[in-house]
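Please examine the chain shown below. The paragraphs that follow lead from its overall fold to its cores, a pocket and several individual residues.

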Amino acid sequence: MSTAQPYTPSTDRILAGVALMLGFCITAPMLDVAAKLASATVPVGQITAARFIVQCALMAPFVWIMGLSLQVARAQWLALVFRAALLLISTFCFIAAIRVMPLADALAIVFVAPFIVLLVGKFYLGEDVGPRRVCAAMVGFVGVLFVIQPSFAAFGAVALFPLGTAIGFAFYILVTRGLSRRMHPVTLQFHTGLIASLLCLPVLLLAQGSETELLDLVWPEGIAWLWLFGVGCFAAISHMMMTYALSLAPSATLAPLQYLELPVATFLGYLVFQDFPNALTLTGITIIIGAGLYMIHRERVTAHQLITERAAPPI
């Protein structure tokens, strides 16, 4: 009598997933570059709205070409709206930060999100998380303090905006976990762009003429239109790359690759804006990456132990 063998993705699928994740690590910082360039003449709220409007417009043809249904179960609407609102807040906070902060500094603080997800999973959702991973998360928070300290001294309270992004994105990940099992990635991206656009446009219209620095509408001029399109275009491309990468290769294989986004952001920040992290910030970035990679390692060890225990014959 043969026993069922666990499904193992083929080497080709894994390599394709790795290639897509590397593509994400390159295109996601380009979104940040476009947003920072646009912020020189366009308010943060308007850049945020452009990110979702362009994403929605780019996803619409793919929904039609692929013949996907846009129907959503009534029970999923609340989660969809909550997911879009979380991503909207996260995006706004991050663009508000990189308007004045170097890309690498802001992004390093955002990388505390996986630690927040882990701690929420343990203390709120009751997930089985060992003490070593909790300690790694705490060390990661120490690394964030190393990054925030010089940024706070240089830029003031705006250095705390990336923390808002990290918290919002952490809960966004938790909500996405459930929705991604029940909705096609393209449909999910389309609905996220549409709902987020509908949420932020009324706010911008009400703020028009208020002379609020972050929200008051302006008419973009010249190349600013290209930067606004780039924000939405790179957002759509990078998130689709990551989504499909996770469908082709195990998350344990792909998770460490995401930290390549930090050196890419550092390189682009220096190339375009001549920004480079100082010694204290580089120390914090190193601590964050080290803690994150150790946490991923412990998750792999724990997963392997569970598989071994389940595969062991009963005594």
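Helices (H or I, at least four residues) and strands (E, at least two) are taken as DSSP runs and numbered from the N terminus. The model is a predicted one, in which local features require pLDDT of at least 70 and side-chain atom pairs count only at pLDDT 80 or more, whereas totals for chains, interfaces and linings use all residues. Residues are numbered from 1 along each chain as its sequence is written, and side-chain values use heavy atoms, with hydrogens and water left out.

The chain holds twelve helices and zero strands. Its accessible surface, computed by the Shrake-Rupley method with a 1.4 Å probe and, for residues, with only the protein chains shown as cover, comes to about 16100 Å², and 71% of this belongs to carbon and sulfur atoms. A residue is called buried under 20% relative accessible area, exposed over 50%, and partly exposed in between (1.4 Å probe, protein chains only). Of the 315 residues in the chain, 46% are buried. With contact defined as heavy atoms within 4.5 Å, residues 24 or more positions apart account for 86% of the contacts with a separation of 6 or more.

In soluble globular proteins, nonpolar side chains tend to be buried together. A nonpolar core is here a set of buried Ala, Val, Leu, Ile, Met, Phe, Trp, Tyr and Cys residues joined through side-chain atoms within 4.5 Å. Which residues touch the most other members of the largest nonpolar core? They are I47, F115 and I288, in a core of 55 residues. Beyond its neighbours within four places in sequence, F115 is in contact with A136, A137, G140, F141, I288, A291, G292 and M295. Another core of 17 residues lies apart from the largest one, and V72, L86, L87 and L188 are among its members.

Not counting residues up to four places away in sequence, F171 touches L86 and V120. F171 and L86 are 85 residues apart in sequence, yet their C-alpha atoms are 7.2 Å apart in space. F171 counts as partly exposed because its relative accessibility is 32%.

Attention now turns to a pocket. On a 1 Å grid over the protein atoms alone, a pocket is an open set of points with protein on both sides within 12 Å along at least five of seven lines, and lining residues have an atom within 4 Å of a point. The second largest pocket is lined by 15 residues, of which Q46, A50, I53, W225 and L228 lie nearest its centre. Two or more lining residues come from each of α2 (44-65), α8 (185-207) and α9 (224-248). Helix α2 gives the most, with five residues.

T266 is placed in helix α11 and counts as buried because its relative accessibility is 15%. Leaving aside neighbours within four places in sequence, T266 is in contact with A104, D275, F276 and P277. Q274 lies in the loop between α11 (261-273) and α12, and its phi is near 60 degrees, a positive value in a residue other than glycine. At 55% relative accessibility, Q274 counts as exposed. T281 lies in helix α12 (residues 279-311) and is buried, because its relative accessibility is 1%. Leaving aside neighbours within four places in sequence, T281 is in contact with D105, F146, V147 and P150.

Note on methods: On a 1 Å grid over the protein atoms alone, a cavity is a set of points where a 1.4 Å probe fits but cannot get out, and a pocket is an open set with protein on both sides within 12 Å along at least five of seven lines; lining residues have an atom within 4 Å of a point.
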